[in-house]
Amino acid sequence: MKKSKWLALAGVSLLSVGVLVACSSKSNTSSNTYNYVYTADPETLDYLISNKGSTTDAVTNGVDGLLENDKYGNLVPSIAKDWTVSADGLTYTYKLRKGVKWYTSDGEEYAEVTAKDFVTGLKHAADKKTESIYLAKDSVVGLADYFNGTDKDFSKVGVKALDDYTLQYTLKQPEPYWNSKMTYSLFWPVNEEFLKSKGDSFGKSTDPSSILYNGPYILKSLTAKSSIELAKNENYWDKKNVHFDGVKLSFYDASDQESLVRNFTDGAYSQARLYPTSSNFDSVEKQYKDNIFYTQPSADVLGAGVNIDRQSYNHTSKKTDAEKDSTKKALLNKDFRQSVNFAIDRTAYSAQLNGEKGAA
């Protein structure tokens, strides 16, 4: 696999877990294939209109954008070899690598990747009313008007191909974090000719040939509730950093959590998610010892809201007017709400999923 791209993706579903097994004594390393699981079939392979995990699981290693994250989370060049920002922070100009190609699912060269492909990509996303348009709609000049239909001229939108290898975005206001958005599939490229040729079949969920590939891997097969298989793109521009010949993901419905470590032990998976509260965790911990590690906490923030204007009492025994009145007074009292918040034992809560050792 290229750099840590796939492992970073896998980590999205592992961050809340606590524990991962790193290597198996029976793993079949001769095939040099990364094996693991996926949990949902993609509804579409159109990465420009879907940012769901089910789509990115299948596509993210097949398509490169301007920038990507390295294994430390730093933004590094991908198709954009370098970039500049205007003094007022409103104009971002990206210089693209020459010689990056699109390939079909059969590995045949289709066309060169150019700046126009990024313009086409954002237009396609806006035309299809993608739900992730919020990442760009209020940032890029003119995009909100085009998206809302008040101005149907996309040429007024602040994304331009100045030439084949120069792409420019013009923003409505400075955004120091703008480049971090370039890793989202909303900003990935698509070849206009291929897009038109496929019509409504572009990104068909069961058809690897319905999209093109410019990334380290090419999607070869996708069988519903069975498997997703990718093969290394032998003509990839950064081939030296692709370290696996293939990727195979097997469908996992989470009904048997312990099957992950069983299949890992049998050599079927390259890694396995562990559940510290499962009945077999102690024996697994004893068997693998130093090959188990806790993933880093994610940057997610989860909130619990308080219904301070409660109207329904259908699921409570407190139904007298006096009880309803006292409930409302309590919920409207800031001190009461804070007391509930501070009363939550977060370590105990975390331990229910991550076990006592991983609770912190």
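## Close-up views of a predicted model

**Figure 1. A254 is found in the loop between β13 (246-251) and α7 (259-265).** Helices and strands are DSSP runs numbered from the N terminus: helices are H or I of at least four residues, and strands are E of at least two. Residue numbers count from 1 along each chain as its sequence is written, and the model is predicted, so that local features need pLDDT of at least 70, side-chain atom pairs count only at pLDDT 80 or more, and totals for chains, interfaces and linings use all residues. Side-chain values rest on heavy atoms, with hydrogens and water left out. A254 is a residue other than glycine, yet its phi is positive, near 70 degrees. Most residues other than glycine have a negative phi. With a relative accessibility of 41%, A254 counts as partly exposed; this class lies between buried, under 20% relative accessible area, and exposed, over 50% (1.4 Å probe, protein chains only).

**Figure 2. K225 also has a positive phi without being a glycine.** The value is about 50 degrees. K225 belongs to the loop between β11 (217-223) and β12 (227-232). Its relative accessibility is 60%, so K225 counts as exposed.

**Figure 3. The protein chain in overview has 11 helices and 15 strands.** The C-alpha trace spans about 70 × 60 × 40 Å along its principal axes. The chain has 360 residues, of which 45% count as buried. Its accessible surface is about 19,100 Å², computed by the Shrake-Rupley method with a 1.4 Å probe; for residues, only the protein chains shown count as cover. Carbon and sulfur atoms account for 49% of that surface. Contact is defined as heavy atoms within 4.5 Å. Of the contacts between residues at least 6 apart in sequence, 62% join residues at least 24 apart. There are 44 positive and 46 negative charges, and their mean positions are 2 Å apart. Lys and Arg count as positive, and Asp and Glu as negative, while His and the chain ends are not counted; each charge is placed at NZ of Lys, CZ of Arg, CG of Asp or CD of Glu.

**Figure 4. One aromatic cluster is formed by W83, Y92, Y94, Y169, W178 and F187.** The structure holds 16 aromatic pairs. One of them, Y92 with Y94, is stacked, with 6.5 Å from centre to centre and 20 degrees between the planes. Rings of Phe, Tyr and Trp (its six-membered ring) pair if their centres lie within 6.5 Å; planes under 30 degrees apart count as stacked, over 60 as edge-to-face and the rest as tilted. Y92 is buried at 6% relative accessible area, and Y94 is buried at 0%. The ring centres of Y169 and W178 are 5.4 Å apart with planes at 65 degrees, so this pair is edge-to-face. Y169 has 0% relative accessibility and counts as buried; W178, also with 0%, counts as buried too.

**Figure 5. N179 touches W83, Y92 and Y94, among other residues.** L67 and L75 are also touched by N179, not counting residues up to four places away in sequence. N179 lies in the loop between β10 (166-170) and α6 (192-198). With 12% relative accessibility, N179 counts as buried.

**Figure 6. The charged end of K129 sits over the ring of F147.** The charged end is 4.4 Å from the ring centre. A charge sits over a ring if NZ of Lys or CZ of Arg is within 6 Å of the ring centre and within 35 degrees of the ring normal.

**Figure 7. H124 is part of helix α3 (residues 115-127).** H124 has a relative accessible area of 9% and is buried. Apart from neighbours within four places in sequence, its contacts are D46, L48, I49, L195 and F202.

**Figure 8. T327 belongs to helix α9 (residues 321-331).** T327 counts as buried, at 15% relative accessibility. Neighbours within four places in sequence aside, T327 is in contact with R310, Y313 and K318. From C-alpha to C-alpha, T327 and S259 are 46 Å apart in space, and they are 68 residues apart in sequence.

**Figure 9. D238 has its place in the loop between β12 and β13.** D238 is buried, with 4% relative accessible area. Along the chain, D238 and I79 are 159 residues apart, and their C-alpha atoms are separated by 9.9 Å.
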